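I opened the file to look up two things. The entries below follow the order in which I checked them.

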There are 2 protein chains.
Amino acid sequence: MIRIVIIGTGNVATHLLEAFSNCNTIEVFQVSGRIQPESSFFQGIETIATKTKADVYIIAVKDDKIAEVAHHFPLKNTLLVHTSGAAPMQVLNDKNRSGVFYPLQTFTKGNTVNFKNIPICIEATTEKDMQLLKKIATLISNKVYQISSEQRKTLHVAAVFVNNFTNQLYEIGNEICENHHIPFAILKPLIQETANKLNTLSPKEAQTGPAVRNDEKTIASHLEQLSNNSYKEIYKLLTASIKETHGRKKL
Amino acid sequence: MIRIVIIGTGNVATHLLEAFSNCNTIEVFQVSGRIQPESSFFQGIETIATKTKADVYIIAVKDDKIAEVAHHFPLKNTLLVHTSGAAPMQVLNDKNRSGVFYPLQTFTKGNTVNFKNIPICIEATTEKDMQLLKKIATLISNKVYQISSEQRKTLHVAAVFVNNFTNQLYEIGNEICENHHIPFAILKPLIQETANKLNTLSPKEAQTGPAVRNDEKTIASHLEQLSNNSYKEIYKLLTASIKETHGRKKL
């Protein structure tokens, strides 16, 4: 039996708790991150940490709170990991053996996710800890990657492009439709297929549309139609970027 | 039995041909767009048009060739439609009754698509023609929309944002990963979930990440990491756009 303590109550904490709870070989405990005042929260961590003797303690709190929680963590020489994509492993102090257990996914409250398909990026300072994190990760996911803090930092930037920025393009599509009384639903199959194509093609191979065809007439007509100046700028910049990727001449 | 002639051999023509071929109540013929020289292609259109007496002739060629094909089309007072998202219905001349039959999807050669989920945008000049196009569209798709040329023009711009530009963000994510020896596959479940979220949330509700949290520290760190200047510009512009959508202060 592997004993795990999760510190925190946010989306990542909740989804990890659910995934671990479904494993017969894992016993999981949680310290609520909602305990107020903060001193009582740290008291809660102290209580559960000294009581449970877990194999790994997982700090799943906001990035800017990780160092503080690690600072108040009462044990020494135990395995203490965080779940952040952006924070380096070193944000945890060296009173304990540090590690990272980062599930690369966008979690929404109340939305059940299938953890089996969620990549988990692990990092640790000793080979033994790495093996333990790997074992735990493999129990809940089919996609486990050893990723250094440096790589994870890069991955986090890439994730912002394919998730937050992509979602903003959906939002712009939505706004354009709404302004012209067109149901946004009409674009959803296209959005789905754009993502699905990556199962068989690279993004470069999958590209279509006026920019990759160097179809200046359509590009000019689209720019003319956009009344919102920041959408115009985004259109120009991404069109130029597509041309650059595909070796077309710039705007 | 509804008789349809498809003029063209591109992706849209091929996929429409396949979808129609699976309908018991449709008889479909095709004029290859690959016939060279062009005079022979127009000869081919003339031959099949005079022979078949179809209910509808579908021009599925490149946007800038539609007018020319319509010009060489030998019949009069028959229903002649195109399949373009960008071209207005009026690009077809008035020798015939015009219409549009635009499947809003990104087609890839060799990739089978389920037409049932593909929105088909139809337009016609007479109510009778509209009913015929609706009947045909409904035979192959569950999602049929009456969309004017003006709305279709708008829809095409929106489609560029959610398809071509989104795909370019995937490409940037891919390049960032490759440059740091990280497998792009690690981002694919995130990409998939970003699209899937739209089944239950609006893009605005689904947004996460540093921009919507106004997390300037992470934003600054991401910008510092991006060595490619055009990626930096795209990062800044889309971050500002997210802040604008969510009423956050600008960069």
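I began with a definition: two strands count as a pair if DSSP finds at least two bridges between them. Helices (H or I, at least four residues) and strands (E, at least two) are DSSP runs, numbered from the N terminus.

Before going further I noted that this is a predicted model, in which local features need pLDDT of at least 70, side-chain atom pairs count only at pLDDT 80 or more, and totals for chains, interfaces and linings use all residues. Residues are numbered from 1 along each chain as its sequence is written, chains are lettered from A and ligands numbered from 1 in the order in which they are written, and side-chain values use heavy atoms, with hydrogens and water left out.

**Entry: sheet of chain B**

I looked up B:Ile4 and found that its bridge partner in strand 3 of chain B is B:Val56. Strand 1 (residues 2-7) and strand 3 (residues 56-59) of chain B run parallel and are joined by 4 bridges. I then traced the open sheet of chain B, where 7 strands come in the order 2-1-3-4-5-6-7 with mixed pairing. Strand 2 (26-31) and strand 7 (144-146) of chain B are at the edges; each has a single partner strand, so one side of each lacks a neighbour in the sheet.

**Entry: sheet of chain A**

Chain A has an open sheet of 7 strands, in the order 2-1-3-4-5-6-7 and with mixed pairing. I checked strand 1 (residues 2-7) of chain A, which runs parallel to strand 2 of chain A and is joined to it by 6 bridges. A:Ile2 is opposite A:Ile26 in strand 2 of chain A.

**Entry: where the chains meet**

How many residues does each chain bring to the contact? I found 85 residues from chain A and 85 residues from chain B, with contact meaning heavy atoms within 4.5 Å. The area buried between chain A and chain B is about 8000 Å², and carbon and sulfur atoms give 67% of it. Buried area is the accessible area (1.4 Å probe) that two parts lose on being put together, summed over both. In chain A, the residues that lose the most area to chain B are A:Phe161, A:Val162 and A:Ile186, together 9% of what that side buries.

I looked for salt bridges (a side-chain nitrogen of Lys or Arg within 4 Å of a carboxyl oxygen of Asp or Glu). The count between chain A and chain B is 0.
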